[in-house]
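Hi there,

Here is the model I promised to hand over. My notes on the ligand sites and the chain contacts follow below it.

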Amino acid sequence: MSALLSLSHVTKVYRQGGMLGRRLITAVKDVSFELGAEPEILSIVGESGSGKSTIAAMILGQTEPTEGELQFSGRTVAIHSRSERKAFMKEVQPVLQNPFEAFNPLKRVDRYLFETARNFSFSGDRPDRQQAEKMADAALVHVGLTLEEVKGRFPHELSGGQLQRVAIARALIPQPRLLVADEPVSMVDASLRMAIVNLFGRLKNELGLSIVYITHDLATAYYISDNIIIMRKGEIVERGQARAVLDNPQHEYSRALKDAVLAADFSVAT
Amino acid sequence: DDYTSLPRKETLIVENPEGTIKNPGWFNIWVNGGGGVSTGLQQLTMDTLWYIDPEQGLGGATWDNSLAADKPQYNADFTEMTVKLRKGLFWSDGVEFTADDVVYTVKTQMDHPGMVWSAAFSVQVASVEATDPSTVVFKLKKPNSRFHAIFTVRWNGAWIMPKHVFEKVEDPLRYDFANPVSLGAYKLKSFDPQGKWYTWEKRDDWQRTSLARFGEPAPKYVTYTDPGPPDKRTIAQLEHNLDIIHDNTPEGMFTLKEKSKTIETWFPGFPFAHPDPTLPAVIFNTQNPPFDNADVRWALALLIDIKAVDMASYRGAATLSALGVPPTAATMKDYQAPMQDWLKNFEIDTGKSKIKPYDPTVGQQIADILRKQPKFKDQIPTDPEAISGAFGYGWWKPDPKAAGELLEKAGFKKSGGKWLTPDGQPFKIRMTVEGDTRSVFTRAGTLIAQQWAAFGIDAKAVPAAKLWQVALQPGDFQVAIAWSVETWGGDPDLSFFLDSWHSQFVAKKGDNQPPRNWQRWSNPELDKIIESIRGISADDPKGVELGKDYLKLVAREMPTIPLMSYNVFTSMDTTYWTGYPTISDPYTDPVPNWANSRLMMVKLKPAQPK
Amino acid sequence: MDPLVEIENLKAYYRAFLYGVDREVRAVDDISLTIARGEVYGVAGESSSGKTTLIKTIAGAIRPPLRVVSGKVTFHFDGGTQDIYAMKPEDRLALRWKHLSYIMQGSMNVLNPVRRIRHSFTDFAFRHMKVGKSEFLERVATHLQRLKLDPHLLDAYPHELSGGMRQRMTIALATILTPEFIIADEPTTALDVIVQRDVLSMIREIQREMGSSFLFVTHDMGVHATVSDRIGIVYAGRLVEEAPTAKLFNMPLHPYTQHLVGSLPRIGDATARPSLEGRPPNLAMPPEGCRFHPRCPKRMEICSQKVPPLVTVEPQRRVACFAVTGDQV
Amino acid sequence: MTSYLLFVLKRFGQFLLVVFLGVTITFFVTHLTPIDPVEESIGAITQMGQSDPNAIELMRQSLRELYGMEGSIWQQYLHFWLRLATGDLGPSLSAFPTPVSTIILRSLPWTIGLMTVSTLITFVLGNAIGALAGYYRKNMVMKAVSLVFIALLPIPYYILAFVLLIVFGYLWPVLPINGGYEMNANLDLSVALVLDILKHSILPAFSLILVGTGSWLIGMRALVSNIITEDYVVFAELGGVPKRKILRSYISRNAMVPQFTGLAMSLGAIFNGTVITEIVFGYPGIGNLLIEAVHAGDYSLVLGLSALSIVGVAAAVFIIDILSPLIDPRIKVE
Amino acid sequence: MFTIVRDLARQNMEFLCGLLLFAVIVGLVVVSYFSPYGATDIYLLPPDMPPDGEYWLGTTSRGQDVFWQLTTALRNTLFFGIGVAFISRIISLVVGLVAGYAGGAVDRVLMAINDSVMVIPQFPLLILFYFVLKDSMTWTALILIMASLGWSYDARLIRSVAISLKTRSFTTQSVYSGMSMRKILVEEHLPYVLPIVFATTMNNMIWSIGMEITLSVLGFTDIETPTMGMMIYWANAHSALISGIWWWVAAPVAVIVVLFLALFLLSMSMNEYNDPRSRLNRMGS
Ligand SMILES: Nc1ncnc2c1ncn2[C@@H]1O[C@H](COP(=O)(O)OP(=O)(O)OP(=O)(O)O)[C@@H](O)[C@H]1O
Ligand SMILES: Nc1ncnc2c1ncn2[C@@H]1O[C@H](COP(=O)(O)OP(=O)(O)OP(=O)(O)O)[C@@H](O)[C@H]1O
Ligand SMILES: [Mg+2]
Ligand SMILES: [Mg+2]
Ligand code: NI
């Protein structure tokens with residue numbers, strides 16, 4: 001069985017048109033990695049602007065790599081038709097970075113749950129309202145919410161944490177094989193953060209879901225991920241088994257990153 | 001403001017109905033270059049051989065030998081015309097006017113297609129020469145007893161060109177004639193580069209012009225201006241900033257009469273307006289069924305309640321005419337009055353009955369109606385003669401029954417209150433009206449359409465902003481309100497319009513009709529009348545008899561339904577000037593855009609000491 | 001202790017009237033606390049537990065639908081006493097920035113996008129400085145350098161700066177007048193860990209130098225551990241525990257705090273962390289009694305009936321839990 | 001090449017395309033009109049008392065030749081572009097042989113003068129009141145003032161202008177109501193003439209300002225009410241920045257960005273002229289010229305005027321597009 | 001729906017005023033169907049009667065009752081304005097949203113068309129159409145022509161919003177919720193541009209009705225069907241202002257002003273309703 005996702009020599013160059021001239025920005029430089037057929041959680045960590053989100057966008061098929069190839073389930077990620085796109089989206093779902101931005105402020109948040117439920121049903125038929133609500137509720141329960149709490153609410157009526165959980169719940173509804181979570185917990189409080197991270201672990205185990213987990217938070221990456229990639233300026237500086245790498249970082253940058261972590265452990269902080 | 005204005009007491013300010021001139025610096029009247037014509041240019045600086053006044057004229061006759069010393073002399077078969085010219089007339093630059101100018105005018109235009117009178121000369125003139133400095137002989141290509149008409153001014157005519165100016169010009173078609181050299185008593189003083197006003201100044205040597213025969217023109221300056229829409233004209237005249245309004249809405253006229261003590265009008269009381277020698281009428285496109293059928297046309301005429309139309313359009317201030325000539329003072333005398341008896345006895349056959357449709361008392365009835373309105377009470381004449389002169393004699397009685405019979409005779413049927421044409425279609429009439437341009441016509445047309453509609457015809461008035469170009473000329477209309485009859489006004493000769501009604505000139509369906517005979521009506525009897533007129537000279541008394549034949553013919557055939565004169569609401573302010581033409585001193589048409597209005601200049605008197 | 005700010009029985013609710021449904025969110029429900037001069041007071045708590053609301057209320061940044069239902073906030077600036085709600089609006093305005101600056105949540109997006117940053121400094125601070133223009137700019141430049149920001153950046157537009165730089169700019173803006181009291185809402189969220197560490201140490205440095213008091217909110221316990229002198233834990237609109245930082249981390253008393261501290265992952269420690277059961281209470285319909293009791297592993301009979309009072313258990317240390325204080329209090 | 005230059009070039013190409021399409025559409029629509037300039041001219045000439053139908057036919061032929069109206073519409077279309085390429089708009093057909101450009105240039109300064117001034121005043125006034133009304137939403141004075149302008153907005157302009165004219169020209173005759181300057185004015189440049197011209201422009205400008213202010217006001221008010229909820233405004237308020245400063249530098253500055261696009265459009269649309277103003281106040285300008293040209297079937301002139309207007313609006317859009325990255329620092333060139 | 005209206009009316013003074021004014025307009029339109037006189041009939045009544053008990057708003061110089069003329073004219077004008085606004089809103093929404101969302105070649109083609117329409121001078125074009133179409137220039141035709149001229153500026157406005165909406169992450173969220181482009185445009189982006197649509201609707205109606213009046217005043221429309229423009233046309237043709245028949249002019253002007261104040265107040269309060277943030281702003285105060 002082939003790998004679920006593989007990137008080989010992927011490079012992404014952006015043209016940044018400033019007023020004063022065009023700059024070419026190599027957001028991702030010759031990156032290769034694989035997600036095995038077995039469910040796994042891959043963390044991508046690294047400084048701001050190191051190309052993490054760009055990789056996520058490429059995995060999600062939102063942008064095409066300038067060079068190199070991405071394959072999902074052995075097929076090149078290149079979306080041409082609507083049905084292809086839909087089939088792809090059923091397998092790969094995103095969790096976006098900023099929960100405040102991820103919901104149309106003029107629409108109720110539950111709408112996205114129902115829409116997803118209706119558009120990606122498993123039986124093939126479009127589920128009716130009641131079924132959709134059930135699916136939505138089930139997904140919400142996974143993230144520590146209930147439909148009752150969310151139903152009829154506008155985004156500004158929920159806190160960022162609540163919103164993010166709704167967003168994750170939505171991504172779970174199609175029961176995808178791969179979740180691309182770009183800093184999904186940066187807006188979520190510490191106790192919930194664990195709930196979500198634990199949830200990722202559970203989803204991996206119970207649903208066989210692979211997760212690309214992009215984060216700043218080395219501690220959660222350490223806690224949950226199987227493998228880790230440390231990036232800097234578009235390049236992978238270090239990779240390997242998450243705990244091995246973080247326990248004993250080799251690359252200078254990895255070490256700096258680890259040192260910068262503010263341990264929530266009072267004895268350490270002085 | 002005083003710093004800019006000319007001395008008001010020496011200036012006559014006149015409305016130019018052409019409005020704002022698009023190409024203000026263009027004075028070459030012999031080329032249609034977008035410049036104004038009635039900016040004073042044709043009234044005050046142009047001159048030609050003869051004038052016929054639409055009213056009585058000065059010097060005892062409507063006919064006036066202007067540059068010519070005498071009437072035109074034709075040979076026996078009307079193929080040659082000799083003109084004797086006056087001596088001692090000068091252009092404003094001091095050059096003497098001679099026969100060479102006349103010859104040059106004709107030849108230059110013949111050589112330059114595109115000049116205004118070029119085609120008219122080319123079609124008719126075989127040769128022209130000056131046999132001596134004051135004699136010009138025209139040889140014509142074919143006989144024409146009215147060839148002189150081209151040099152006879154009613155509204156305007158073929159003006160004489162200054163040879164000494166134009167011969168220096170490379171291409172007369174492209175020459176703007178800036179600083180126009182004048183043959184009239186005035187010359188250009190200044191004009192608005194935006195085309196809103198033109199001011200003319202009395203020539204120092206005004207004695208050396210043809211107008212001097214009648215005396216010295218009074219106004220030192222004459223300004224022709226575009227005062228804007230009717231309401232603004234009214235305001236301007238109320239403030240004494242505009243001496244002559246060319247035309248107004250009836251209501252504007254009433255307002256002026258009510259609010260200003262110094263307003264003078266053609267009729268001192270109702271209807272105030274001056275009857276233009278044009279005849280608004282319901283014009284049928286007789287080339288198309290069912291309007292090719294006289295019975296249908298008559299039926300529609302009998303459905304008109306002229307009193308209501310009069311009130312709607314002119315609010316009573318109209319001079320009615322049942323006959324096919326405009327009811328001007330002259331035609332009242334020559335045609336309308338003498339034909340009253342014939343009209344009273346005139347009969348039509350509806351197929352089921354014979355009726356006498358004429359109601360000779362309509363003029364009186366309208367006067368009675370108006371007299372009931374307290375506002376106008378004292379302004380309505382009581383003398384029957386005066387009433388006929390002001391409001392017209394009579395008109396056709398509304399007779400729906402006879403109209404129905406006529407329609408049935410023509411094969412129409414009434415079903416469910418609606419009239420159907422012989423082929424079973426609803427009888428639908430679209431009456432094209434002119435919209436804002438001549439709003440009184442529009443008002444009349446709307447009401448007539450409503451009267452027809454009340455009879456079960458699907459009739460409706462639709463406006464066409466460019467009525468002539470868009471509807472009448474291409475024949476793209478069913479029924480329209482416009483005029484197709486216009487006369488000299490002061491002279492009974494009908495050839496002015498009638499000649500072009502000959503069937504030889506009627507365009508084929510779909511082709512453009514020259515701006516004559518919009519009804520596209522051809523009739524062998526009419527052709528005979530026209531040919532007879534062509535064979536006699538313009539002042540042959542037989543002309544009036546032939547004119548009456550024409551009137552009887554069109555009364556029977558009804559190719560157009562004559563309504564009333566085109567009453568022009570000209571008002572004159574006596575604050576600065578007196579001596580305007582009115583019904584009591586009808587020396588000329590008060591309408592200031594006609595070239596004859598030059599006569600006013602010598603009759604006006606300053607109302608205030610300098 | 002020399003109190004700078006005293007908050008007494010503060011209640012602030014959101015009232016929303018939508019589609020005919022009246023909803024009242026009790027985001028701050030009876031909170032009392034005191035912040036000393038020169039102290040860094042951290043507020044932690046779950047998302048939507050009312051942290052932002054609490055500090056908005058303290059800062060007097062109240063706009064509908066938020067309403068202060070009761071309570072009092074008193075400042076002791078310049079040795080005086082100012083009751084922020086009883087003050088005239090223009091007096092309150094006079095306090096701002098000079099004595100009290102407030103860095104809103106989302107501080108990377110609070111600078112006017114169409115003006116150069118320099119103008120923001122002029123708008124906010126020039127009035128109060130009472131110096132000439134050039135001296136003012138000089139002082140700003142010096143201040144920026146302290147925050148490791150290039151003074152040239154003053155001529156940039158906000159969008160030309162990275163998020164971290166913008167946040168530092170905002171912090172610089174808030175500290176330029178050396179106010180006695182600085183309030184900040186999640187000042188380092190979404191920052192790169194490396195940048196975050198720098199920013200935090202700078203804040204700390206400046207605060208020490210100026211001797212200001214600092215009230216800030218974050219749910220990042222690592223940040224608290226680094227910066228705060230004292231931490232207040234908010235749960236569902238209530239202050240449930242308050243303690244000096246070391247004590248809080250080493251010996252949390254309230255079951256929620258215990259969970260919070262216990263659940264923090266650490267590099268090098270891969271033992272499973274429990275996630276808290278249940279879900280955060282709906283503030284529109286908070287549970288009776290102790291608001292934590294539905295999720296509390298130590299819940300007792302009384303917890304669902306009575307609201308546990310915040311009891312001072314030792315100096316500088318308060319907690320609201322019957323399991324700790326006993327139900328007799 | 002910098003991307004900005006590239007962007008400008010691309011945008012300029014689009015500008016040319018739009019002008020081309022706009023002029024083409026206008027060309028064909030104008031040539032569809034049933035009004036024939038030759039017939040129009042014949043109409044004018046025959047009014048001078050000529051009725052001989054043979055002569056009229058002759059006249060028709062010679063005028064057709066003179067006006068260069070031979071050839072199919074496609075040939076004329078090609079001819080039109082060829083001529084235009086050399087900057088020649090050709091002779092007017094209703095004022096033959098005067099060049100279209102001469103006729104336009106005579107009226108254009110008036111239109112530009114009146115419209116630019118009144119557009120700018122309208123813009124400033126509308127935005128100022130709109131900003132105040134949006135910021136001080138509860139203020140009764142602001143409410144009343146904006147309501148007045150909003151109520152003026154739908155009044156048919158013709159009526160409004162006429163009422164002004166009657167009030168200031170008749171009932172209380174203090175202002176001139178006709179033309180661009182006094183009748184028989186001495187047109188040599190002088191202070192008196194300039195004052196006279198200004199005086200004559202008061203009513204036309206005033207009427208335009210009265211009707212125009214409302215729409216800017218509405219737009220600005222709406223923008224401002226959105227902007228006051230933005231974080232940077234809230235932050236400035238919390239920072240104790242004086243209200244006036246906030247209104248000016250925070251709210252208005254941000255709201256002006258879209259408003260400038262509108263301003264450019266209105267300035268571009270100046271070349272449409274204002275028909276009703278020109279009719280009511282007898283003010284010289286190209287609006288009336290255009291109507292007359294349409295009436296006379298003078299498609300040379302119609303096309304000349306339309307092309308001017310098309311270029312005007314397209315250029316305004318073009319300029320605002322290439323300037324917007326400079327006006328609004330946030331906009332990045334795509 | 002009812003509760004929304006009730007809430008709005010209860011809390012929003014503007015909405016209430018707008019609603020009342022609008023009710024007046026609707027009332028007049030409804031009443032027009034019960035007119036005792038034929039809408040185009042003239043000289044049925046004594047002309048120039050000032051307003052009194054019998055003729056509430058007086059009579060015209062054409063012998064029509066101003067009140068009943070007004071009701072019919074209002075109805076026709078309103079249908080005209082709504083027709084133009086409705087059709088042109090649809091065009092501008094479709095063009096603006098699709099161009100903004102689709103981007104690329106679609107955007108360029110649509111914007112080239114859009115800009116060409118935008119730059120064409122409308123007024124001469126309308127008059128040309130009048131000459132070209134002549135009798136076929138019905139009100140329906142005029143509505144269609146006006147609608148096809150009146151969308152482009154607003155489409156550009158909508159497009160600019162659509163472009164920024166496209167980059168918002170809620171659009172990504174919608175895409176991954178499996179929504180179709182149509183659905184995203186209609187349900188996600190449309191409500192975002194609705195305030196623009198509302199605001200432009202009013203401007204569009206002012207524009208189209210103003211244009212109708214201008215064309216009418218210059219005599220370029222059907223002169224029989226009573227509309228606001230036609231009333232003014234006839235009043236003007238009868239020098240009503242200068243002859244003191246002011247009620248003939250004042251009545252239609254007053255009604256137009258009421259109509260637009262109503263529209264303005266409604267659109268303003270609806271915008272606020274549409275945007276939950278500003279809606280919340282007015283609560284509790
Ligand atoms: N659409 C784009 N156009 C041009 N440049 C881009 C674009 N998206 C990202 N970049 C640039 O590419 C680089 C990588 O950006 P990316 O968003 O992938 O970083 P990141 O690792 O996700 O950062 P962060 O942790 O801040 O989210 C950055 O320099 C960014 O400015
Ligand atoms: N404008 C508002 N209208 C109604 N409810 C609101 C509003 N703002 C916040 N709330 C509610 O008030 C409660 C407290 O919100 P607050 O923003 O204070 O939480 P927080 O602790 O700052 O959360 P986070 O960590 O996510 O920023 C939440 O339930 C939230 O839904
Ligand atoms: Mg990122
Ligand atoms: Mg918060
Ligand atoms: Ni408890």
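In the site of ligand 1, a backbone N or O atom of Gly51(A) sits 3.0 Å from an oxygen atom of the ligand, a polar contact in the sense of a pair of N or O atoms within 3.5 Å (within protein, one must be able to donate a hydrogen and the other to accept it, and residues adjacent in sequence count only if both atoms are side-chain atoms). From the side chain of Ser53(A), an N or O atom is 2.6 Å from an oxygen atom of ligand 1. On its own ligand 1 has 630 Å² of accessible area, and the protein covers 67% of that; accessible areas come from the Shrake-Rupley method with a 1.4 Å probe, and for residues only the protein chains shown count as cover.

A word on provenance: this is a predicted model, in which local features need pLDDT of at least 70 and side-chain atom pairs count only at pLDDT 80 or more, while totals for chains, interfaces and linings use all residues. Residues are numbered from 1 along each chain as its sequence is written, chains are lettered from A and ligands numbered from 1 in the order in which they are written, and side-chain values use heavy atoms, with hydrogens and water left out.

Back to ligand 1: 14 residues are around it, and Ser48(A), Gly49(A), Lys52(A), Ser53(A) and Thr54(A) come nearest (a residue is near if one of its heavy atoms lies within 4 Å). They divide into two nonpolar, nine polar and three charged, where Ala, Val, Leu, Ile, Met, Phe, Trp, Tyr, Cys and Pro count as nonpolar, Asp, Glu, Lys and Arg as charged, and the others, Gly among them, as polar. In chain A, β1 (5–18) and α1 (52–59) each supply at least two residues of this shell, and α1(A) gives the most, with three. Helices (H or I, at least four residues) and strands (E, at least two) are DSSP runs, numbered from the N terminus.

Which residues are closest to ligand 2? Of the 19 that surround ligand 2, they are Glu157(A), Ser47(C), Ser48(C), Thr52(C) and Thr53(C). The site is shared between chains, because residues from chains A and C surround ligand 2. An N or O atom in the side chain of Thr52(C) is 2.4 Å from an oxygen atom of ligand 2, and for a polar side-chain atom of Lys51(C) the distance to a ligand oxygen is 2.9 Å. Taken alone, ligand 2 exposes 630 Å², of which the protein buries 87%. By class, the shell has five nonpolar, 10 polar and four charged residues.

Now the chains. Eight pairs touch, and chains B and D have the most contacts among them (contact means heavy atoms within 4.5 Å). There, 63 residues of chain B meet 64 residues of chain D. About 5,300 Å² is buried between chain B and chain D, with carbon and sulfur atoms giving 59%; buried area is the accessible area (1.4 Å probe) that two parts lose on being put together, summed over both. Lys22(B), Gln194(B) and Lys232(B) supply 14% of what chain B buries against chain D, more than any other three residues. Chains A and B do not touch, with their nearest C-alpha atoms 47 Å apart.

Best wishes
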